[in-house]
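Here is a quick tour of a structure, taken one region at a time. Have the viewer open and follow along.

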Amino acid sequence: MWGICRRTMVKVGMAKPCGLMKPCHLVKPVSVTRVSGRYLTHQKGLPSLPVPPLQQTCERYVSALEPIVEVDELKHTKELVDEFQKAGGVGERLQRGLEKRAEKTENWLSEWWVQVAYFDYRLPVVIHSSPGLVLPRMNFSDKQGQIRFAAKLIAVLYLLTLPVEYLGGKPLCMNQYYEVLSSCRVPGLKRDSVVNHAKTSRPPKHITVVHNFQFYALEVYNSDGTPLTAEELRVQLERICASSPRTGVEPVGILTTQHRDTWGRAYVTLTQDKTNKESVSAIQRSIFTLCLDGAKPPVTDEEYRSSAAVQMLHGGGSQWNSGNRWFDKTLQFIIGEDGTCGANYEHAPAEGPPIVALIDHVVEYTRKPDMTPSPTAPLPMPQKLHFNITPEIKKDIEEAKHAMDILAQDLDMRVVVFGHFGKNIPKAHKMSPDAFIQMALQLAYYRMHKCCCATYESASLRMFRLGRTDTIRSASSASATFVKAFDDPSKQNTEKVDLMVKAVNAHRSYTTMAISGQAIDRHLLGLKMVAVENNLSIPDIYTDTAYAKALHYKLSTSQVPSQTDCVMCFGPVVADGYGVCYNPMNDHINFAVSSFNTSKDTDAAHLAQAVEGALLDMRTLLEQAPRAKL
């Protein structure tokens with residue numbers, strides 16, 4: 001369920017909870033400005049994120065550890081937890097501090113979360129943090145088709161009004177929709193930041209277009225404030241492509257793929273030059289980035305989806321399209337000459353659902369026939385953004401190429417379509433499709449590795465003002481009992497079904513708890529942050545080996561439902577783990593499974609195959625055994 005930080009204590013999820021978000025009245029178009037009155041009224045009506053009771057979190061923390069740590073380890077942790085939560089102890093002191101913070105802020109978590117999960121996280125955003133989104137292959141296979149589709153995509157963004165979303169009849173926070181456009185991550189030497197130029201008095205009126213590693217600022221509004229038509233945009237994009245042949249241009253954009261400390265230092269060097277600084281500023285201020293990609297490695301039809309996912313996630317390496325990006329930009333639409341389409345987004349400002357909702361609307365509009373007349377007036381040439389490449393910057397680019405190629409070669413990405421059934425089957429058995437799929441993931445992992453592992457699934461906190469995500473811990477005592485019994489020949493099918501139902505219901509219960517602001521992970525983080533900000537000693541429960549195991553997510557997962565037949569993809573969050581994203585359609589399920597080739601313990605193709613087997617075996621069990629009561 002995306003919200004996405006999947007990164008131990010540093011990742012979020014792309015959480016869209018199991019319930020469907022239902023639209024109602026519309027809010028403003030997500031172009032440049034917001035309808036402040038309606039937006040503010042809506043936001044003020046949302047509740048604040050609660051601070052869960054200390055004892056409740058401590059009890060649930062111990063329960064969450066049961067399936068993933070040894071008995072002796074759990075006993076030691078219980079002693080630490082008892083000491084932490086005792087009357088008059090450090091836990092109560094930190095809890096009071098957190099409750100005071102909640103009284104004084106709109107959301108006690110959101111600022112800390114962005115800081116810890118993103119700005120202080122120093123691995124490259126590529127693969128480790130920024131997800132990719134793969135759309136169905138579009139019906140064109142040449143430069144002209146690429147340009148026509150790109151022009152229509154840009155044009156439709158200005159027709160959009162976005163629905164206020166509801167979950168279970170309750171309105172959801174819409175703030176993230178206003179953080180996606182005209183925003184950009186900025187590297188720092190030790191900590192990054194995000195700038196949002198949509199909130200300035202003069203919001204940007206241009207997008208960035210990248211073609212053959214060359215950057216352009218394309219004005220998408222006329223002087224009178226009206227947006228350019230699709231035909232006008234087509235003309236402008238043709239002018240960009242004609243003026244940017246691939247002739248030994250240095251791929252400056254590949255610098256954004258580097259380790260954040262390395263990129264932070266290179267950024268200082270790059271922007272010392274006035275021309276470079278102005279070009280970087282134009283990219284950062286732009287509404288979004290459009291990447292017009294060249295060729296990608298030839299693949300078979302069977303490999304196409306996985307190859308497309310690689311392009312969306314990291315561009316394929318320095319020899320392909322990794323330099324045709326600015327990975328710090330919040331939203332990048334990516335369109336290849338062969339019809340490969342999708343997006344990449346930088347995670348700090350927003351979770352997955354706003355991105356997917358935006359994409360759903362865009363795809364819906366682009367399917368409509370274009371009735372735009374030909375342009376009637378000449379347009380100014382799009383502005384090329386120049387870069388002066390010094391020997392030092394050239395060295396930084398070469399180092400970035402090398403590092404990116406190593407990272408690209410290490411990632412194993414498999415996109416598969418499970419075509420036997422979709423959410424229709426679990427629904428027919430009155431089960432949550434998300435919980436059913438999560439239990440299949442637990443079964444698949446257990447069959448491969450003969451143990452249970454800490455599993456992350458993101459839960460949206462958008463029922464609360466400025467809400468981001470919390471963690472659904474899919475590995476539970478109920479799921480462990482279920483997966484251990486599933487292949488046990490001594491167990492009867494009726495018992496296995498009962499255990500499946502209990503596991504599915506336990507997951508559903510945890511999901512409800514999490515989206516209600518009562519999960520454990522963000523609360524534990526908040527208590528720790530109170531200690532950090534008050535220069536207090538970090539309590540022993542945080543240095544305990546069990547806590548490290550709880551945050552070592554070997555299964556980092558996210559459900560990202562979409563009306564479009566697409567799938568999101570991301571890398572694992574630990575070296576010996578998997579990244580699994582899925583989009584359950586009615587009669588099939590799209591999966592993106594990733595692992596690192598350098599890990600001898602993981603195999604993305606094997607896990608994808610194991611998930612397929614688990615789903616089929618669970619359906620067979622339900623069909624053969626008498627129904628248990630849910």
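Let's start in the loop between α5 and β4 (132-134), which is where Ile127 lies. Helices here are DSSP runs of H or I with at least four residues, strands are runs of E with at least two, and both are numbered from the N terminus. Phi of Ile127 is near 70 degrees, a positive value in a residue other than glycine. Ile127 is also buried, at 0% relative accessibility; buried means under 20% relative accessible area, exposed over 50%, and partly exposed in between, with a 1.4 Å probe and protein chains only.

A word on the ground rules: this is a predicted model, where local features need pLDDT of at least 70 and side-chain atom pairs count only at pLDDT 80 or more, while totals for chains, interfaces and linings use all residues. Residues are numbered from 1 along each chain as its sequence is written, and side-chain values use heavy atoms, with hydrogens and water left out.

## Another one, at Ser182

Ser182 sits in the loop between β6 (170-171) and β7. Its phi is near 60 degrees, again a positive value in a residue other than glycine. Ser182 is buried too, with 0% relative accessibility.

## The cores

The largest nonpolar core has 58 residues, and Tyr61, Leu65, Phe84 and Trp108 have the most contacts inside it. Such a core is a set of buried Ala, Val, Leu, Ile, Met, Phe, Trp, Tyr and Cys residues joined through side-chain atoms within 4.5 Å. Helix α5 (residues 110-119) provides the largest share of this core, seven residues. Another core, of 50 residues, lies apart from it, and includes Met138, Ile287, Ala350 and Ile355.

As for Leu65, it touches Leu74, Thr77, Ala546 and Ala550, if you don't count residues up to four places away in sequence. Contact means heavy atoms within 4.5 Å.

## An enclosed helix

Helix α8 (residues 260-270) is largely enclosed by the rest of the structure, because eight of its 11 residues are buried. Among the buried ones are Arg260, Asp261, Trp263 and Tyr267. The cover over the buried residues of α8 includes β7 (183-186), α9 (274-285) and α12 (391-410).

## Gln214 and its surroundings

Gln214 belongs to strand β10 (residues 214-219) and is buried, with a relative accessible area of 6%. Its side chain reaches the backbone oxygen of Ser244 at 3.5 Å. Neighbours within four places in sequence aside, Gln214 is in contact with Val209, Ser243, Ser244, Pro245, Val249 and Lys384.

## The annotated pair

UniProt lists Ser458 and Thr469 under "binding site" in an unreviewed entry; positions are in the numbering used here, feature names are shortened, and annotations may be inferred rather than shown by experiment.

Ser458 is in strand β16 (residues 455-460), and Thr469 is in strand β17 (residues 469-473). Are they buried or exposed? Ser458 is buried, with a relative accessible area of 0%, and Thr469 counts as buried at 0% relative accessibility. The side chains of Ser458 and Ser558 are joined by a polar contact of 3.1 Å. That term covers a pair of N or O atoms within 3.5 Å; within protein, one must be able to donate a hydrogen and the other to accept it, and residues adjacent in sequence count only if both atoms are side-chain atoms.
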